[in-house]
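Here are some notes for a colleague who is opening this structure for the first time. They go from single residues out to the whole chain.

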Amino acid sequence: MQLCRQTLSRVQDTVSLPEFDPAQLRPGIVHLGCGNFHRAHQVAATQAAIGAMGKEGLGWGIVSATMRKPDLAQALGRQDNLYALLTRGPRKTAATIMASITDTVFARAKDAGLAERIADPQTRIVTLTVTASGYYLTAQGRLDARAEAIRSDLAAARPRTALGILARGLALVRKRGGVPPVILCCDNLSENGQTLRQAVMDFASLRGNDALAEWIGAHVQFPDSMVDRIVPTPTATDRDDARRLLGGLSDVAPVSAEPWFQWIIGRFDGERPRWEAHAGTRFVPDVGVFERAKLQMLNGTHMLLAYAGALAGLDTVAAAASDPAVGALAARFMRLEQVADVALDEAELDEYAVELMGRFRNPSIAHRVERVGRNGSAKLVARVLRAMRSNLEAGVAVPGAHLLVASWIRWFILHERGALRFVPADPRSETLLRLCATWRGDHHGLVAAILAREDMAGPALPAHESQVAAIADLLDRFENAPATAVMAELARQS
């Protein structure tokens, strides 16, 4: 028997149920990017808000769109958009039925009608989790007009990218004289609200509609926000655990998450759910300090654990963080390098760093390194190279950044040889593979070629040649000795 509205009464008493009738929900939010993170984060906060608001909350259901594949939308549709959220602590797993999604659609389906849904007066908020690469930005944070998906969307009658869908939906709002929804980016981008506003304006201008671009800039809110929760890719174990916890009901779309939850939202004017009913949600005047701490200390260190951990033969972030060498290198990198320009005092930095490493080591969260390490070329500047630049300008050593960049490049060196045990996902994978083939055997030339690309690395780093040499030296060491031996030696030296 499958989880759905009719079978909710069969769910065991130990499972938390929604405090409202899902059948009474009406959509008030459109979400682009219905993936695992969204289902463990924004959906959870919205469900708490609806429960806390009573009847007033019933107008905040979510229409959630998958962007690339229809599978999840179809699976959730068969379950009346219900699923189990498994909150996995180190020793205990708790299950909650998520029910705040009213409809799931595939963005590329002919009948998805996302632009119309955005323009619907009932839609007061649009949220997004399409990953950093889904915005097609240059290293300077502007829309990359050369990106194939953007070029295609500019000429398309029915857009497929999040930017194209937003621009079309907002154009309909403007044409009809409506009130635009608040657009809330929930992806790991620097100043994500302002960055998204500029990208949508750029898209409108590229389509020849400068008036729309100006209207968006003047009338549409794009608050900054910062989100934080570790959500691994669902596995067969999740489905088995969901069935057990639900008393035998089958759930084809459960999602797991760590207990930690954080959502920091900037200035927001207008109607919204009472999201702060979910512990960890805060509205603040300035998201910047929270964003920078998270992007650098959490996300940047996550990247080091993924790239170096994979080279050491470790499959998950938990295994990498618990490894004596890799874990020690990551902890040192986080606390000594990734705190650059993070406006917290020393005690707060110490507490956050210890907390993060504890979260990374949670054995119940199987966050696979190949997934954490995907799209590195789109993440490197904001999460690593910005802090690296600040450290170099301040005379602070950056061995952790050197190791991270070298480990990332090493993935593609091995992939180009057919020697990596998985295929790394990256929007510039073809370029990286071509560079690896061109500079095969010359690590200095390869590093110089990659760091010279502003679309991946931004402007030249301070003492640029010294940074190239240090990274190339690490690649030489990886070539001549097992990665585990190299990292053990690095851990002893630091």
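1. The model is a predicted one, and every value here is computed from it.

2. Aromatic pairs. The structure holds six aromatic pairs.

3. With a relative accessible area of 0%, Trp-411 is buried. Phe-422 also falls under the cut-off, at 10%, so Phe-422 is buried.

4. The aromatic cluster. Which residues do ring pairs join into a cluster? They are Trp-263, Phe-268, Trp-275 and Phe-283.

5. Phe-222. This residue is found in the loop between helix H8 (210-219) and strand S8 (225-228). Is Phe-222 buried or exposed? Its relative accessibility is 2%, so Phe-222 counts as buried. Leaving aside residues up to four places away in sequence, Phe-222 touches Leu-170, Ile-183, Gly-193, Gln-194, Leu-196, Arg-197, Val-200 and Ile-216. Ala-448 is 226 residues from Phe-222 along the chain, and their C-alpha atoms are separated by 37 Å.

6. Backbone angles to check. Thr-131 is not a glycine, yet it has a positive phi of about 70°. Thr-131 is found in the loop between strand S6 (125-128) and helix H5 (148-155). At 28% relative accessibility, Thr-131 lies between the two cut-offs and therefore counts as partly exposed. Tyr-136, also not a glycine, has a positive phi of about 55°. Tyr-136 lies in the loop between S6 and H5 too.

7. Overall fold and dimensions. The protein chain has 21 helices and 11 strands. Its C-alpha atoms fill a box of roughly 65 × 55 × 45 Å along the principal axes. Why can the chain be called a compact globule by its radius of gyration? A compact globule of 494 residues would have a radius near 23 Å, and the protein chain has 23 Å, so the two agree.

8. Contacts and burial across the chain. Of the 494 residues, 57% count as buried. Taking contacts between residues at least 6 apart in sequence, 77% join residues at least 24 apart.

9. Surface and charge. The accessible surface of the protein chain is about 20100 Å², and carbon and sulfur atoms account for 49% of that area. The chain carries 56 positive and 53 negative charges, and the mean positions of the two sets are 5 Å apart.

Conventions. Residues are numbered from 1 along each chain as its sequence is written. This is a predicted model: local features need pLDDT of at least 70, side-chain atom pairs count only at pLDDT 80 or more; totals for chains, interfaces and linings use all residues. Side-chain values use heavy atoms; hydrogens and water are left out. Helices (H or I, at least four residues) and strands (E, at least two) are DSSP runs, numbered from the N terminus. The radius of gyration is taken over C-alpha atoms; the globule rule is 2.2 Å times the number of residues to the power 0.38. Buried means under 20% relative accessible area, exposed over 50%, partly exposed in between (1.4 Å probe, protein chains only). Contact means heavy atoms within 4.5 Å. Accessible areas come from the Shrake-Rupley method with a 1.4 Å probe; for residues, only the protein chains shown count as cover. Lys and Arg count as positive and Asp and Glu as negative; His and the chain ends are not counted. The place of a charge is taken as NZ of Lys, CZ of Arg, CG of Asp or CD of Glu. Rings of Phe, Tyr and Trp (its six-membered ring) pair if their centres lie within 6.5 Å; planes under 30 degrees apart count as stacked, over 60 as edge-to-face and the rest as tilted.
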